[in-house]
Amino acid sequence: MKKYIRCLWIVHTLMEEGDASLADLNERWKRSSYGYEGEEIGARTFSRDKEFIASVMQVDIEYDSVTRKYTLVNKDDVEKNTIYKYLLSVFHINGISSLSIRLKDRMMLEEIPTGVEYLPVLLKAMEEEKVVKFDYQSYYSKESLFHFEVIPCFLRLFKQRWYLICEYLDRSRTRVLALERMQNLVAGNKKVSPSPDILPEIYYHHHYGIIHTTERAIEIQLKVYDKEYDYIVSTPFHYSQREIERKNEYAVIRLYLIPTLDFKQRILSHMDKVEVLSPASFREEIKQDILRILTRYTE
């Protein structure tokens with residue numbers, strides 16, 4: 001764990017503070033909360049850390065003989081990488097762990113769903129291209145317990161819940177299964193590679209959320225009112241989101257995706273601050289959803 005935290009610290013420091021020599025890094029390391037009693041990062045340790053960062057984190061660090069400093073080669077890729085951002089948040093939390101425990105009465109966190117304990121098993125199985133076996137109890141069939149033996153393809157975090165996207169051994173179907181509903185998870189002995197097209201950026205290319213369908217993506221225009229627009233810019237609906245009109249009191253954005261239930265719920269969560277402009281069919285869907293909600297309060 002200490003090595004992993006140190007490597008994250010190195011990447012983060014080069015990202016935030018720019019190129020640095022090993023002496024510069026050591027000076028900052030000793031001043032940080034991670035350097036134990038003024039210990040330094042030795043040349044051999046730093047060389048091994050660079051190899052670890054390149055192989056595990058897929059971040060390249062090179063030495064510039066002119067400036068005599070180390071630099072991140074693919075900085076732009078790192079900045080856009082959601083996995084790195086997630087690991088960095090864990091890194092920051094680790095840095096304040098002892099302080100947060102002392103101030104536990106002054107911090108309020110969301111409940112963490114169960115299932116995270118299965119992440120190491122699933123990640124190892126994916127790395128070794130092995131099947132996984134587990135029992136599963138769906139929220140919609142609580143009286144039934146299903147047994148699965150599947151090919152793990154990738155993991156996704158959505159709304160504080162972890163999901164496994166997997167496919168049947170005969171590749172006839174893919175499933176999206178919540179880790180918190182799993183029981184007795186183990187890696188099997190069968191070695192099977194997932195289908196090459198079941199990758200996060202392909203599988204969810206035209207989707208918002210965790211629900212996956214094979215329907216066609218459509219162009220959707222939304223009208224966002226008042227200061228809600230600033231929030232939606234900071235947390236976009238989808239990578240395809242683009243502003244096409246901006247006024248003092250509203251903005252119009254365009255997206256190209258499949259309007260699943262997850263997307264509809266996201267729109268409705270903004271209440272009267274987001275209006276569907278087009279297409280007319282999707283606008284009508286949202287209108288009917290609102291009318292059904294209204295009947296709950298008028299009966």
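**Entry 1: the open sheet**

I began with the sheet and found 4 strands forming an open one, in the order S9-S10-S8-S11, with antiparallel pairing. A note to keep in mind: this is a predicted model. Which strands stand at the edges? I found S9 (242-246) and S11 (274-278) there; each has a single partner strand, so one side of each is left without a neighbour in the sheet. From one strand to the next, I read an average twist of 30 degrees.

**Entry 2: pairings, strand by strand**

I then went through the pairs. S9 and S10 run antiparallel and are joined by 4 bridges. They form a hairpin, with 3 residues between the two strands. Within this pair I noted Glu243, which stands opposite Ile253 in S10.

Helix H10 (residues 261-269) lies across S8, S10 (250-257) and S11, and I read its angle to S8 as about 15 degrees.

The peptide bond joining Ser278 and Pro279 is cis, with omega at about 0 degrees.

**Entry 3: H1 against H2**

Next I turned to the start of the chain. The axes of H1 (residues 2-17) and H2 (residues 22-31) come within 11 Å and cross at roughly 110 degrees. That makes H1 roughly perpendicular to H2. I noted the crossing as right-handed. From H1, the contact is made by Arg6, Trp9, Thr13, Leu14 and Glu17, and from H2 by Leu25, Arg28 and Trp29. Sorted by class, I have 4 nonpolar, 1 polar and 3 charged residues in this contact.

**Entry 4: two positive phi values**

Last, I checked backbone torsions. Arg171 is not a glycine, yet its phi is positive, near 60 degrees. I placed Arg171 in the loop between S5 (161-168) and S6 (174-178). Is Arg171 partly exposed or buried? With 40% relative accessibility, Arg171 counts as partly exposed.

Asn184 also has a positive phi, near 55 degrees, and sits in strand S7 (residues 182-191). At 53% relative accessibility, Asn184 counts as exposed, since the cut-off for that class is over 50%.

Conventions
Residues numbered from 1 in each chain as written. Predicted model: local features only at pLDDT ≥ 70, side-chain atom pairs only at ≥ 80, totals over all residues. Heavy atoms only, no water. Pairing = 2+ DSSP bridges. Axes fitted to C-alpha atoms, helices over the stretch in contact; angles between N-to-C directions. Contact = heavy atoms within 4.5 Å. Parallel < 35°, antiparallel > 145°, perpendicular 65-115°, else oblique. Left-handed = near helix turned anticlockwise from the far one by under 90°. Nonpolar A, V, L, I, M, F, W, Y, C, P; charged D, E, K, R; others polar. Buried < 20%, exposed > 50% of the residue type's maximum accessible area, 1.4 Å probe, protein only.
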